[in-house]
Amino acid sequence: MGERVVSGVSRRARSGAVGALVAAAAAAVISLLAISSPAAAQDDNGEIKGSLSAKDAEGTKFPVPDVVFIISDESGNEVATGSTNEEGDWSVSVPVGTYSVLLDVSTLPAGVDLRNPDKNPAQVVIDTPGKSKGALFPLGEAAVSEVTAIEWVQLLVDGLKLGLLLAMCSIGLSLIYGTTGLTNFAHGEMVTFGAMMAFLFHVTGVFGWQSSLIVAALFVIVITGLAGGLFNQFVWRPLRRRGVSLIAALVVSIGFSIFLRYVMLYRFGGRAGFYRDYRIQEKWDFVWFTIAPKDIVIMVLSVLILLGVGSALQFTRIGKAMRAVSDNRDLAESSGIDVERVIRWVWVSGSALAGLGGVMFGVTESIGWEMGFRTLLLMFAGVTLGGLGTAYGALFGSIIVGLFIQMSTLVIPTDMKNVGALVMLVVILLVRPQGLLGRKDRIG
Amino acid sequence: MTAESIPVAPALAGVPWEPGASKPDVILTASGVRRTFGGLTAVDVDHLEVQRGVITALIGPNGAGKTTFFNLLTNFDKPDTGSRNFEGRDLDGVAAHRVANLGMVRTFQLTKALSKMTVIENMLLGATGQAGEKLSRSLFPPMWRGQERANTERADELLARFKLDHMREEFAGTLSGGQRKLLEMARALMVEPTMVMLDEPMAGVNPALKQSLLDHVKGLRDDGMTVLFVEHDMDMVQEISDWVVVMAEGRIIAEGPPASIGQNQAVVDAYLGSHHDSALDLEADL
Amino acid sequence: MDWGAIIENTTRGLIGEQFIYFGLAALGLNIHFGYTGLLNLGQAVFMAAGAYGLSMSVVTLGLNFWWGLLLGVIVFPLILAAIMGVPTLRLRADYLAIVTIAASEMFRIVARSPSLDRWTGSSDGLTGFATTFYDLSPYDKQERYFFDLFIGNQMWVVTVGWIALVIVILISLLLMKSPWGRVLKAIREDEDAARSLGKNAYWYKMQALMIGGVFGAMGGMLRAIGTQSAQPQNFITDVTFFAWVALILGGAAKVLGPIAGAAVLYAILSFTDVALRQGVDNGHIPEWLMTGTQVGQVRFMLIGLGLILLAAFRPQGIFGNKEEMALDDR
């Protein structure tokens, strides 16, 4: 009892202090040296710009916002991105040179398509400083193949993809809660970190070397796993040993969430980033729905990974130990399980999965400083639905949330689809707070 | 000892020494109460009646389900099936906090003296029916000052009785373990309950304080309250309880006056396993 | 370094409108977290309820200012507290945290959605709802007041704001010294103990959530009035965390603590902000290290860092004592 009241700064407190500061400083230093922001404006640059508009069913012209353009140089390296604003206008600043301007068709709204898809990307040359050139992308009605797609099937497929990715990211969140009682609000930042580390290796390049996305992803698995382990070793374990309350730990995790997010904003910038590989792909038509090949690969990969994780949890010793500790820590400890070791593995594997999930999110969507945080709330919905502290619960809950979010766009506007998950969260807590697979005594 | 020479409290004379025995003046009953935790049956009690105005002890070996049953009786837990009745009121569906308003108050094994509040604040918390605790009235001190004063007087009397009055302004966190137990008991009395449920009141109490605590518990009965306590300390059980209920493996296996329990074969078997023939000397070992 | 500007900005930060908004929010959060132990990570949404309650009533629904005031300060925050509290207050503290942060996110999405532009003004927000307020101002709109720090209209906002602040402080004090406050303190430390003495912990927590929410709504509404606009970007999640750091810094569970914490925090942030900005503008800080836009981000990094270090090492803040800190050793 007496040890828990820490007066002054004891030795253990100091090691925790050093730990936290080291972790924070390391994060800052790594990101300071590594990631650079996408576009940097300079005064003697030229400008590439354009304006997008389309006609609706009645023939009225309307601007098309939020469409993304990627400008790459002659070697295929991306130098800038821009997106159309509310008036449909976009522009980027580039130094003198020859560029390839690519319209990202996946950002076009439904029902709108390029009239000349073979003229995408377009070539633009900036030969003198200060020159401003336009890139023309006429838009027209959607291609015929989309007419046969059935909306709800399309949304089902999209929802499944989202759910699988959420599942991968959220297993760690659920198990960290189960084994240590900590609701880790910084978990989303691990997703962002993974996506950005891949960006670093794959796009920005390290000492001039760019890897392929796959290699970058492998690096990410190792790096994020390591980061999770270090985080546990130098921050959470010392705090646990000092007997810091769970609420204080939660506040610490919130602090990390804010700090890491803004460090990443600081170095990455506010605009969305994209990977080089698998950027523009034409969607395959499966009559009832269309899907890009990269999305199929991601879905298959995530299913395989989740099956692997599930089997590991079910059949390996460490997996069983994880489930035991997550279920009932005291019981597990008294049956001889090394709880600290299990916790370490939970952090490493949970973070690696989250980081990989981040890369996958980056492939199917985009990379941004807040991407993990936005996903965190969906993860919470999934994990709460499935049962906080269970691994399988996180899995099923996330898939259901993913499906629900996408299908909800049948009735609510697309830009508000995440609200569905948040509403679901409130409803679950009202009706069955322990979730599908969770236990009642854990929820207070 | 023969059956004739075992003393029985007058109120309980004539009550058969059997589990589920019917009592003349019942304050609390439990019927068909079952509580399982994932496949494990923690409590399975057919019938229990608690006599008003006496001190009842609930004992049993470790894992017998006493604590779980205690939580069920005090409505801090809900059974899977079965009913509990306090003063004629069915406890099913009654929120945990309402039980105190019905007249039943409980203490906790790990004392819940609120350490960040002073002793007198702890005491004042116990008073029921405080107008000042309603949000609307709390903003207007004149509406509750009078009650507060009356409650404070009562609190001070109780503190004096429990010999805690000199610690009045101290934070409860600075009290010793034994003092905190006393505080919790005194605070419970502020509720003016009809029944006091004590959860291992002797746990962690140093021997010097034990007698004082025992006297206070007896004092509760003498003031007309009903007491039920869960205990491992057999001294306490023998010394002050009027009736003993023995649990093992979730069921009630014996009831009777304290002196009769040591000879009960079922009890002996439960505590020591079923290989002993001699009567249990409960005062010595446990 | 233009020290004059730095000092002027810092002073304005210490006693001006910005401080009042955050002070009110922090006082509300103090009721939530300091006194009751509720993890409200969505105080910004309560503030938005006040701002949008007023502006939507006047602009979208065409009601008069006083109706807007009522809706914004009382009705909206109460409804919001009910929506968030009913599912979560019977559960572990973490669940309220999750739901309140979800509510902040929900607000961000809904308030910026172009689909609801008719109602909310989406990203641009709403304007033109505060004329009644400014018409009541006794100050000359052209004059500067209080050591020339505030111009007429601003001064009116500051005056009303400080009055509101004082009222809220008085209410907080009254509440905390009353038996009601005593029950709240007991619940924060140990709900089961409070329940065993007949207190309905759930209902007290709900009342605390509502009251703190009303305080926050007052702050939000004043902010909208002061800036004459209600915009989504003024009520982002991180606004809540400003209030949190202010709360912990000043020592939760004491009434003047949050005010002091808000003052200290705002002074630190204003100072850092201006100093860094000036450093960037006149080249003391090289461009590769920090640009003008990035200065604002540093402030959030400091917030995050502040939360980490305070929660881990000094939960009682500058003024608090160990017996009364919010983040206790549970």
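Student: In this predicted model, does A:Ile48 count as buried or exposed, and why?
Tutor: A residue needs 20 or more other C-beta atoms within 10 Å of its own to be called buried. A:Ile48 has 25 C-beta neighbours inside 10 Å, so A:Ile48 counts as buried.

Student: Where in the secondary structure is the place of A:Ile48?
Tutor: The element in question belongs to chain A and is a strand. It covers residues 46-51, and its name is β1.

Student: Which residues does A:Ile48 touch, leaving out those up to four places away in sequence?
Tutor: Contact here is judged by C-beta atoms lying within 7 Å. By that test, A:Ile48 touches A:Ile71, A:Ser91, A:Val92, A:Val94, A:Tyr99, A:Val101, A:Val124, A:Lys133 and A:Ala135.

Student: What is the C-alpha to C-alpha distance in space between A:Ile48 and A:Lys131?
Tutor: Along the sequence, A:Ile48 and A:Lys131 are 83 residues apart. In space, C-alpha to C-alpha, their separation is 8.5 Å.

Student: Into which domains is chain A divided?
Tutor: One domain is made of several segments, 13-36 + 151-277 + 287-442, and is domain 1. The other covers 45-146 and is domain 2.

Student: How many residues does each domain of chain A give to the contact between them?
Tutor: The C-alpha centres of domain 1 and domain 2 of chain A lie 34 Å apart. On the side of domain 1 that touches domain 2, there are three nonpolar, one polar and two charged residues. The contact takes five residues from domain 2 of chain A, and from domain 1 of chain A it takes six residues.

Student: At what angle do helix α3 and helix α12 of chain A pack?
Tutor: Two packed helices are described by the angle between their axes and by the distance between the axes. For α3 (residues 151-180) and α12 (residues 391-408) of chain A, the axes are 6 Å apart. The angle is about 145°.

Student: What is the handedness of the crossing of α3(A) and α12(A), and how do the residues in contact divide by class?
Tutor: The crossing of α3(A) and α12(A) is right-handed. By class, this contact has 20 nonpolar, eight polar and one charged residues.

Student: Why does the radius of gyration of chain B agree with that of a compact globule?
Tutor: Chain B has 286 residues, and a compact globule of that length would have a radius of gyration near 19 Å. The value for chain B agrees with this, and it is 20 Å.

Student: What percentage of the residues in chain B are buried?
Tutor: The secondary structure of chain B comes to 10 helices and 10 strands. Of the 286 residues in chain B, the buried part is 44%.

Student: Which two chains have the most contacts between them?
Tutor: Chain A and chain B do not touch, and their nearest C-alpha atoms are 9 Å apart. Two pairs of chains do touch. In one contact, 42 residues come from chain C and 42 residues from chain A. The most contacts are between chains A and C.

Student: Which element gives the most to the side of chain C that touches chain B?
Tutor: In this contact, 24 residues of chain C meet 27 residues of chain B. Elements giving two or more residues to the chain C side include α8 (152-176) and α11 (201-227) of chain C. The residues of that side divide into 10 nonpolar, five polar and nine charged. With seven residues, the element that gives the most is α9(C).

Key. Residues are numbered from 1 along each chain as its sequence is written. Chains are lettered from A and ligands numbered from 1 in the order in which they are written. This is a predicted model: local features need pLDDT of at least 70, side-chain atom pairs count only at pLDDT 80 or more; totals for chains, interfaces and linings use all residues. Axes are lines fitted to C-alpha atoms, for helices over the stretch in contact, and angles run from 0 to 180 degrees between N-to-C directions. Helices (H or I, at least four residues) and strands (E, at least two) are DSSP runs, numbered from the N terminus. A crossing is left-handed if the near helix is turned anticlockwise from the far one by less than a right angle, and right-handed if clockwise. Ala, Val, Leu, Ile, Met, Phe, Trp, Tyr, Cys and Pro count as nonpolar, Asp, Glu, Lys and Arg as charged, and the others, Gly among them, as polar. The radius of gyration is taken over C-alpha atoms; the globule rule is 2.2 Å times the number of residues to the power 0.38. A residue is buried if 20 or more other C-beta atoms lie within 10 Å of its own, exposed if 12 or fewer, and partly exposed in between; C-beta atoms are placed from the backbone. Domain bounds come from an automatic or database domain assignment.
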